[in-house]
Protein chains: 2
Amino acid sequence: MKNFQFYAPTRVFFGKGEYVRTGEILAGYGYTKIMLHYGGGSVIKSGLLAKVKESLEKKGISYVEFGGAQPNPRLSHAKAGIDICRKEGVQLILAVGGGSTIDSAKMMASGTLADCDPWLFVTKERVPMAALPIATILTLAASGSETSSSAVISNDESGLKRGFNSDFNRPLFSILSPELTFTLPPYQTACGIVDILMHTLERYITVPNFFEPTDSMAEAILKSVIASGRVAMKEPENFEARATLMWAGSLSHIDLTGLGKEYFMISHQLEHEISGMFPHVAHGAGLAVVFPAWCRYVYQKNLPAFCRYANRVWDIPMDESNPEKNALAGIEATEKFFREIGMLLTLRECGIGEDAIEEMAEKCTFFGKRKLHSVVVCGKNEIMDIYKLCL
Amino acid sequence: MKNFQFYAPTRVFFGKGEYVRTGEILAGYGYTKIMLHYGGGSVIKSGLLAKVKESLEKKGISYVEFGGAQPNPRLSHAKAGIDICRKEGVQLILAVGGGSTIDSAKMMASGTLADCDPWLFVTKERVPMAALPIATILTLAASGSETSSSAVISNDESGLKRGFNSDFNRPLFSILSPELTFTLPPYQTACGIVDILMHTLERYITVPNFFEPTDSMAEAILKSVIASGRVAMKEPENFEARATLMWAGSLSHIDLTGLGKEYFMISHQLEHEISGMFPHVAHGAGLAVVFPAWCRYVYQKNLPAFCRYANRVWDIPMDESNPEKNALAGIEATEKFFREIGMLLTLRECGIGEDAIEEMAEKCTFFGKRKLHSVVVCGKNEIMDIYKLCL
């Protein structure tokens with residue numbers, strides 16, 4: 001095992017109706033003026049926003065509203081929010097929504113207290129030295145952003161979509177009420193399931209190194225998500241299934257399933273170029289295309305991990321004489337599950353042709369400036385090979 | 001599932017040799033004067049203390065030493081430490097040792113900034129409003145105190161041993177280097193294994209309520225600890241086994257394995273009276289006596305949980321027609337494992353006779369002021385019945 005750090009300071013309030021306590025929780029921390037940040041119409045239509053406002057007003061907490069966060073959150077949107085935070089003297093940003101809304105809030109939180117373009121945090125030319133605190137009310141089990149140090153943001157000008165990690169990105173608290181996900185369209189639920197699985201899988205299947213408590217907890221989470229995912233797709237109002245997906249989503253991205261291991265999140269890097277260039281592809285949908293292709297590209301280089309995955313997660317009996325067969329059976333089971341919950345498995349099905357591949361590979365290597373490490377080292381040529389397997 | 005809160009803000013530095021970075025880590029936080037708190041001779045003999053001091057001196061961090069923490073930490077010791085912290089203007093208490101050393105540090109941390117007898121925090125007559133930060137370098141995988149909000153303290157005057165929970169008890173950071181446990185006597189390793197298992201088991205087997213991600217992670221941790229425990233008993237310098245025990249110990253008491261469930265830690269309550277009155281019994285050793293007896297007392301009232309435990313943790317095939325047999329097989333497997341690692345299983349083997357039982361039951365009910373809830377409600381009579389099963 002590798003030495004590691006673990007840090008997950010976000011306080012989680014989990015369960016039915018917890019969001020009606022938003023005002024009380026904020027008052028407990030002493031905040032008096034916040035930004036209420038959200039996306040489109042669903043939090044308004046569902047009545048959630050009205051209930052949150054009522055809870056704030058009850059405790060005398062004033063708020064400035066800032067809606068309009070979009071999937072694949074844009075830098076320009078965050079910049080507009082930064083102006084409001086500064087002008088209004090906002091003390092905390094409360095994001096009500098899914099990963100995109102939360103990630104926008106993270107960018108605003110660091111940007112408000114910075115004297116530079118916040119995109120420099122993304123390019124790593126600058127490091128945030130302070131940030132407004134953020135909090136979340138989650139409406140979509142998927143990104144894990146509600147507890148993680150990660151944010152993903154797209155630059156409107158360059159079209160680049162990039163991750164930005166910082167301890168300042170960790171929410172002060174997150175409110176997780178599973179019933180808020182009952183009304184999600186099935187496709188969004190399915191994309192969320194893939195995203196949650198991938199946050200664990202990308203830590204679990206890496207270069208050959210095992211750390212038993214980490215790996216067995218990863219398997220526990222993967223199996224819980226697969227079983228609950230099946231239930232939630234059939235019974236969208238099944239509370240236990242929705243609760244399992246929501247909590248597994250938060251656990252999958254606080255690194256619990258990667259501690260002691262070496263990992264690179266390569267499918268996430270490959271996917272960012274797909275949804276970055278083709279925003280009609282949801283992040284989870286892109287992952288469902290990329291991950292099986294990457295598996296097929298590398299599995300022979302790490303048979304022990306792929307065999308363990310097949311056996312422990314998919315209950316595929318081990319044929320010791322044929323590890324390749326075992327490994328492939330696990331990959332096939334993954335594809336079958338993705339298909340079962342309604343995912344497309346190829347770029348072509350997503351409306352993306354071979355002509356896009358070279359540009360995606362260019363962007364993914366930061367125009368030749370980086371190689372991706374994960375079981376095998378991938379430069380532009382290897383990345384193009386993987387994208388071709390996605391066709 | 002029940003609504004829950006999750007909060008685990010301690011930053012963990014895990015891995016070989018991490019303790020040589022102590023000074024660097026403290027300097028990163030900005031501390032310049034700390035208390036170095038430890039127990040008896042083992043941290044001196046092993047050379048650990050000297051290395052920690054060297055690391056502090058390198059970074060110009062001054063320290064006041066306070067040794068002498070003992071198993072079943074005493075209030076009088078903590079009070080002596082509080083005087084030193086106040087007189088010396090200590091900014092942070094660094095505990096180097098196991099649960100007892102850490103728990104003493106927790107009592108000192110709250111006591112230093114309080115204007116009352118810190119025992120009032122234990123009796124819940126007062127609540128700490130502030131505390132010095134604490135940090136730990138762990139030398140024993142057992143209590144989970146290095147990441148938990150718990151402390152257990154014994155009052156020298158009354159002989160009472162009680163728990164004290166507060167978010168102020170959560171260490172700012174903990175340094176976990178598994179090789180520091182290589183030289184533990186086998187009996188202490190074994191007591192630690194039992195304590196770690198029990199922190200998970202007491203959350204896992206409760207009243208009949210399941211929450212899949214929590215329960216399956218509990219099973220992953222239990223299985224990891226049992227397998228690694230066996231290895232560590234035979235090969236005390238097996239790094240992976242020691243690392244698994246250490247990390248599982250920290251995970252077992254941050255509540256990850258109890259979230260969404262209703263639990264009461266009744267075996268811990270029953271055990272506190274044993275080691276409280278008979279300090280020659282280590283906490284883990286007392287738990288190995290109490291838990292199987294409690295299981296036999298309640299298992300018929302929660303067969304689904306006991307059957308799941310037998311099947312998922314001990315791989316006992318399910319006989320659907322005879323759940324009692326399944327449940328008992330799981331309890332027997334537990335006893336067999338405890339025996340295998342060298343635990344005693346009865347009070348008499350520990351040198352405690354039937355005559356002690358009434359006094360222990362009296363103390364355990366706070367002299368009639370509380371009942372213990374766990375599958376069945378236990379007053380003094382029920383507690384005496386369980387202690388009798390321990391004979």
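**Notebook: the sheet and the A–B contact**

I began with strand β2 (residues 33–38) of chain B, which runs parallel to β3(B) and is joined to β3(B) by five bridges. Strands here are DSSP E runs of at least two residues, helices are H or I runs of at least four, and both are numbered from the N terminus. I looked up one bridge: M35(B) has V64(B) in β3(B) as its partner.

This is a predicted model, where local features need pLDDT of at least 70, side-chain atom pairs count only at pLDDT 80 or more, and totals for chains, interfaces and linings use all residues. Residues are numbered from 1 along each chain as its sequence is written, while chains are lettered from A and ligands numbered from 1 in the order written.

Next I traced the whole sheet. It is open, has 12 strands and shows mixed pairing; two strands pair if DSSP finds at least two bridges between them. The order is β3(A)-β2(A)-β4(A)-β5(A)-β8(A)-β1(A)-β1(B)-β8(B)-β5(B)-β4(B)-β2(B)-β3(B). β3 (62–66) of chain A and β3 (62–66) of chain B stand at the edges with a single partner strand each, so one side of each lacks a neighbour in the sheet.

Where do the chains pair? I found β1 (residues 4–14) of chain A antiparallel to β1(B), over seven bridges. F13(A) has Q5(B) as its bridge partner there.

Then I checked the contact (C-beta atoms, placed from the backbone, within 7 Å). It takes 32 residues from chain B and 31 residues from chain A. On the chain B side, β1 (4–14), α8 (212–234) and α9 (239–252) each supply at least two residues.

How values were computed: Two residues are in contact if their C-beta atoms, placed from the backbone, lie within 7 Å.
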